[in-house]
Amino acid sequence: MNDSTLPPTSADSGKNITQQQRQQARAPARGPVVARNTARNKVALRRGFGLRDWSLLCRSARDLAQRQGAPLRPIRPEEIARHATVHDAWISLHGKVYNITPYLHYHPGGVDIFKPCLGGDASALFDKYHRWVNTQGLVGVLQLGYLDESSKKGDGGMDAAAAAFVAPPTKVAPGPPQTDADGFAMPAPRPPKGVGMPSLLGKKDEEEEEEDLLS
């Protein structure tokens, strides 16, 4: 039998112990190690749909927002609500409107988390998970315009534009005096500027009055 296959003797065992083993033997015993669940709720993206790939796409594409050269414009919530599908997705985010369709499949959290806010406001969802993210740096190229909330109704149930509108006064042509139900004469409405008042005297009385003034 080869001597190398025999267990080491007590004299040789001290030579084979390393410095690290001596330190571990002197160290106090520790409790069991508890593994921490530090994994984030991320979805496995397809290859080529990472954050770096999105940055390259933003720099190379000319019109991701599909504005076709149109300037930023005010957009009503009713128009945003008509774009609420994965293939045609608009959202409002902190007062700005974005065509988020090209970014959906690049989102680290997946597409499904976006679905409840497509066609509506995503500010609350964004602040819950990505409050520290620079919105313009991430999806600024997808901006379509600004959220137009001027159509909100006031306390009276009228639109703000309708409540601010004041109808111009109507012009009433002069006419004969009218009487009420009791037979009392009612004065005619005041004629508009530029229209002369009709004379209460007859034609003959007017001529006599002119002669008296000239005499």
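Here are some quick notes on the salt bridges and cysteines in this structure.

1. Before you start: this is a predicted model, where local features need pLDDT of at least 70, side-chain atom pairs count only at pLDDT 80 or more, and totals for chains, interfaces and linings use all residues. Residues are numbered from 1 along each chain as its sequence is written, and side-chain values use heavy atoms, with hydrogens and water left out.

2. How many salt bridges turn up? A search of the whole structure gives 3, a salt bridge being a side-chain nitrogen of Lys or Arg within 4 Å of a carboxyl oxygen of Asp or Glu.

3. Take Glu79 and Arg73, whose closest N and O atoms sit 2.7 Å apart in a salt bridge. Glu79 is buried at 19% relative accessible area, while Arg73 is partly exposed at 35%. (Buried means under 20% relative accessible area, exposed over 50%, and partly exposed in between, using a 1.4 Å probe and protein chains only.)

4. Next, Arg76 pairs with Glu78 in a salt bridge, at 3.6 Å between the closest N and O atoms. Arg76 is partly exposed at 37% relative accessibility, and Glu78 is also partly exposed, at 44%.

5. Then there's the salt bridge between Asp112 and Lys115, 3.2 Å from N to O. Here Asp112 is exposed, with 57% relative accessible area, and Lys115 is partly exposed, with 45%.

6. What about disulfides? The count is 0, going by pairs of cysteine sulfur atoms within 2.5 Å. As for the cysteines Cys58 and Cys117, Cys58 is buried at 18% relative accessibility, and Cys117 is buried at 7%.
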